[in-house]
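Please keep the sequence and the structure in view while reading.

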Amino acid sequence: MTGVPTDDGRIEVFAHGGASMVAERRGDAASARTVVLVHGIGMGRKVFGDLVQHLDEEALVVALDLPGYGDAPEPTPTPTIERMADLVAAYLRHLGRGPVVLLGHSMGTQVVTETAARHPDTVDRLVLVAPTVDRHHRRALRRLWRLGRDLWGESPKVLMLGAREYVRAGPNLRRKMRAMLTHRPEAVYGGVSALTLVVRGEFDVVVPREWFDEVVGAIPNSRAFVVEGHRHETLIRTAGPTARDLRRWLSSQ
């Protein structure tokens, strides 16, 4: 019903530092390029199904379930953003394909930004889609209100996939939200050395234009891209526009 593949690619469970995550590989293992995808809060690797189909003919694409999301077991205690970044970096070294194109959506942008800053040897290029958390509006209720406004009138595909993943991540979602809001991405952006593409849906309520511009300005080697007519869940609704610009950006540098 959503157009997302129901079969699995090559599945691997990776454990490090007391937490485990699930990695699903698809695409061209012979390609020199590896793209690794990190989801947002309440989500999981399956929401990247459309993006994977746009990229898997020209790269090895690996979509992750962070600890406590998707099919990954719930860790104790709930990991910080920094701890998840260290886990992602450990997996990238385990993957053994050299520095990767690391893409994060929403909360995932916080994880991949920390990964790039703390472990620069693992990241060739960085892609931040709908970067959170807006430092001017950190309160949980404000975040939930903005997300609700953003989802109002969204496509059935977004609502169906989102509902499925939120139910799976639900039992400890409050603690996960706290870990997300405690993190200060603005303190990390200046330490990112990788070339970075920052993406925002034109009508994204969760990521206001002012915050988006601040993120772009704070990262030394960054470029901005706005997806016209899209909202916060732009990659879930249809990944085509972002995938096309990502290809252009990768080939132009």
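In this predicted model, phenylalanine 14 has a relative accessibility of 11% and therefore counts as buried, the limit being under 20%. Tyrosine 91 is buried as well, with a relative accessible area of 0%. A search of the whole structure finds 2 aromatic pairs, and phenylalanine 14 and tyrosine 91 form one of them, an edge-to-face arrangement with 5.5 Å from centre to centre and 70° between the planes. Because phenylalanine 14 belongs to strand E1 (residues 10–16) and tyrosine 91 to helix H2 (residues 81–95), the pair ties together parts of the chain that are 77 residues apart in sequence.

Tyrosine 189 and tryptophan 211 also form an aromatic pair, which is tilted, with 6.4 Å between the centres and 50° between the planes. Tyrosine 189 is placed in the loop between helix H6 (173–182) and strand E7 (195–201), whereas tryptophan 211 is part of helix H7 (residues 209–218), so this pair ties together parts that are 22 residues apart in sequence. Tyrosine 189 counts as buried at 2% relative accessibility, and tryptophan 211 counts as buried at 2% relative accessibility too.

Aromatic rings also take part in contacts with charged side chains. The charged end of arginine 125 sits over the ring of tryptophan 249, at 5.3 Å from the ring centre, and lysine 176 lies over the face of tyrosine 69, 4.3 Å from the centre of that ring.

Helix H2, which carries tyrosine 91, packs against helix H3 (residues 107–118) at an angle of about 65°, with 8 Å between the axes, and the crossing of H2 and H3 is right-handed. On the H2 side the contact is made by Ile81, Glu82, Met84, Ala85, Asp86, Val88, Ala89 and Leu92, and on the H3 side by Met107, Gln110, Val111, Glu114, Thr115 and Arg118. By residue type, the contact of H2 with H3 consists of 8 nonpolar, 2 polar and 4 charged residues.

| Site | Feature | Value |
|---|---|---|
| Threonine 76 to proline 77 | cis peptide bond | omega near -5° |
| Threonine 132 to valine 133 | cis peptide bond | omega about 0° |
| Serine 106 | positive phi | phi near 55° |
| Alanine 130 | positive phi | phi about 60° |

Proline 77 lies in the loop between strand E4 (60–65) and H2, while valine 133 is placed in the loop between strand E6 (123–129) and helix H4 (140–151). Alanine 130 is also found in the loop between E6 and H4, and it is buried, with a relative accessible area of 1%. Serine 106, in turn, belongs to the loop between strand E5 (100–105) and H3, and at 8% relative accessibility serine 106 counts as buried.

What is histidine 230 in contact with, once its neighbours within four places in sequence are left aside? Its contacts are then Gly201, Glu202, Phe203, Asp204, Arg237 and Thr238. Histidine 230 itself is located in the loop between strand E8 (222–227) and helix H8 (234–237), and with a relative accessibility of 6% it counts as buried.

Lysine 46 is situated in the loop between strand E3 (34–38) and helix H1 (49–55), and this lysine is buried, with a relative accessible area of 14%. The C-alpha atom of lysine 46 is separated by 9.5 Å from that of isoleucine 236, although the two residues are 190 residues apart along the chain.

The chain as a whole gives the setting for these details. Its secondary structure comes to 9 helices and 8 strands, and buried residues make up 57% of the 253 residues. Among contacts with a separation of 6 or more, 76% are accounted for by residues 24 or more positions apart.

Methods: Residues are numbered from 1 along each chain as its sequence is written. This is a predicted model: local features need pLDDT of at least 70, side-chain atom pairs count only at pLDDT 80 or more; totals for chains, interfaces and linings use all residues. Side-chain values use heavy atoms; hydrogens and water are left out. Rings of Phe, Tyr and Trp (its six-membered ring) pair if their centres lie within 6.5 Å; planes under 30 degrees apart count as stacked, over 60 as edge-to-face and the rest as tilted. Helices (H or I, at least four residues) and strands (E, at least two) are DSSP runs, numbered from the N terminus. Buried means under 20% relative accessible area, exposed over 50%, partly exposed in between (1.4 Å probe, protein chains only). A charge sits over a ring if NZ of Lys or CZ of Arg is within 6 Å of the ring centre and within 35 degrees of the ring normal. Axes are lines fitted to C-alpha atoms, for helices over the stretch in contact, and angles run from 0 to 180 degrees between N-to-C directions. A crossing is left-handed if the near helix is turned anticlockwise from the far one by less than a right angle, and right-handed if clockwise. Contact means heavy atoms within 4.5 Å. Ala, Val, Leu, Ile, Met, Phe, Trp, Tyr, Cys and Pro count as nonpolar, Asp, Glu, Lys and Arg as charged, and the others, Gly among them, as polar.
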